[in-house]
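Trainee: Hi, I'd like to go through this model with you. Can we start?
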Amino acid sequence: MKKLFKKNNFISKIKNKLFPFYKSKEIIKIFSILEKNKPNEINVAMFVGGCVRKYLKNEKIDDIDVATIFSPDQIIKKFEKENIRVIETGSDHGTVTLLYEGKIFELTTLRKDIETDGRHAKVSFTDDWIEDSKRRDFTINSIYMDQRGKIFDPQSGLLDLKNNNLKFIGDPS
């Protein structure tokens, strides 16, 4: 049984490297819409949170979260003429859900905390990736990855992920 698990884990790792989740046709389509007319030197959208963490740990990815510089209104406008269903799931906090080819993608505008009690926050939208990373809960949830697989890790979450550490960002109290 142990040998079978190791074999399946090896196959999973190879499959993950050859066919990473970010190369699916659905994701390529979503990112091509988001990146239309963008300057080359900036990232307008990156994966964040669980999908990045699970990809790096060779685990099954069951949800796709994308952080973006675009406001919910801008996201809605970009997808209005596409064959992709857009649901305003939390536009006050910057979140829009896309339903495409039976898959769910959550897009959330980069945010900065204006006021918070630790659980609920008043936010403003930003285009600053580092500011957005500061408001996330754990360092391992603040690892961003662009659509080419390049990692951006402003809170050193990779080291914590490697060492199985769960570290809060900022003061946990």
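Trainee: Okay, what is the relative accessibility of Lys29?
Mentor: Lys29 comes out at 29% and counts as partly exposed. Buried means under 20% relative accessible area, exposed means over 50%, and partly exposed is in between, using a 1.4 Å probe on protein chains only. Keep in mind that this is a predicted model, where local features need pLDDT of at least 70, side-chain atom pairs count only at pLDDT 80 or more, and totals for chains, interfaces and linings use all residues. Residues are numbered from 1 along each chain as its sequence is written, and side-chain values use heavy atoms, with hydrogens and water left out.

Trainee: Which side chain does Lys29 meet in a salt bridge?
Mentor: That's Glu82, at 3.2 Å from N to O. A salt bridge here is a side-chain nitrogen of Lys or Arg within 4 Å of a carboxyl oxygen of Asp or Glu. Lys29 sits in helix α2 and Glu82 in the loop between α4 and β3, so the pair ties together parts that are 53 residues apart in sequence. Helices (H or I, at least four residues) and strands (E, at least two) are DSSP runs, numbered from the N terminus. Glu82 is partly exposed too, with a relative accessible area of 30%.

Trainee: How many salt bridges are there in the whole structure?
Mentor: A search finds 11. One of them joins Lys25 and Glu26, with their closest N and O atoms 3.6 Å apart.

Trainee: And is Glu26 buried or exposed?
Mentor: Glu26 is buried, at 6% relative accessibility, while Lys25 is exposed at 54%. There's also a bridge between Glu80 and Lys77, at 3.9 Å between the closest N and O atoms. Salt bridges that share partners join Lys25, Glu26, Glu101 and Lys103 into one network.

Trainee: Let's move to helix α4. Which of its residues are buried?
Mentor: Pro72, Ile75 and Phe79, in a helix that covers residues 72–79. Looking down the axis of α4, these buried residues fall within an arc of 60 degrees, so they line one face of the helix. The arc is that of the directions from the helix axis to the C-beta atoms. As background, an α-helix has 3.6 residues a turn, so residues three or four places apart point the same way.

Trainee: What's on the face turned away from the buried side of α4?
Mentor: That face carries the exposed residues Asp73 and Lys77. Lys77 has a relative accessible area of 58%.

Trainee: Which strands does α4 lie across?
Mentor: β2, β3, β4 and β5, and α4 runs at about 140 degrees to β5. For angles like this, axes are lines fitted to C-alpha atoms, for helices over the stretch in contact, and angles run from 0 to 180 degrees between N-to-C directions. Contact means heavy atoms within 4.5 Å. The buried residues of α4 pack against several elements, including α2 and β7.

Trainee: What's the strand order in the sheet?
Mentor: The order is β3-β4-β5-β2-β1-β8-β9, in an open sheet of seven strands with mixed pairing. β3 and β9 are the edge strands, each pairing on one side only. Two strands pair if DSSP finds at least two bridges between them. For example, β1 (residues 45–48) and β8 pair in the antiparallel sense over two bridges, and the partner of Val48 in β8 is Tyr144.

Trainee: Where is Arg136?
Mentor: Arg136 is in the loop between α5 and β8. Leaving aside neighbours within four places in sequence, Arg136 contacts Val48 and Tyr144, among others. Arg136 is also buried, at 18%, and its side chain makes a polar contact of 3.0 Å with that of Asp132. A polar contact is a pair of N or O atoms within 3.5 Å; within protein, one must be able to donate a hydrogen and the other to accept it, and residues adjacent in sequence count only if both atoms are side-chain atoms.

Trainee: Last one. What is the phi of Asn37?
Mentor: Phi there is positive, about 65 degrees, although Asn37 is not a glycine. Most residues other than glycine have a negative phi. Asn37 lies in the loop between α2 and β1 and is exposed at 74%.
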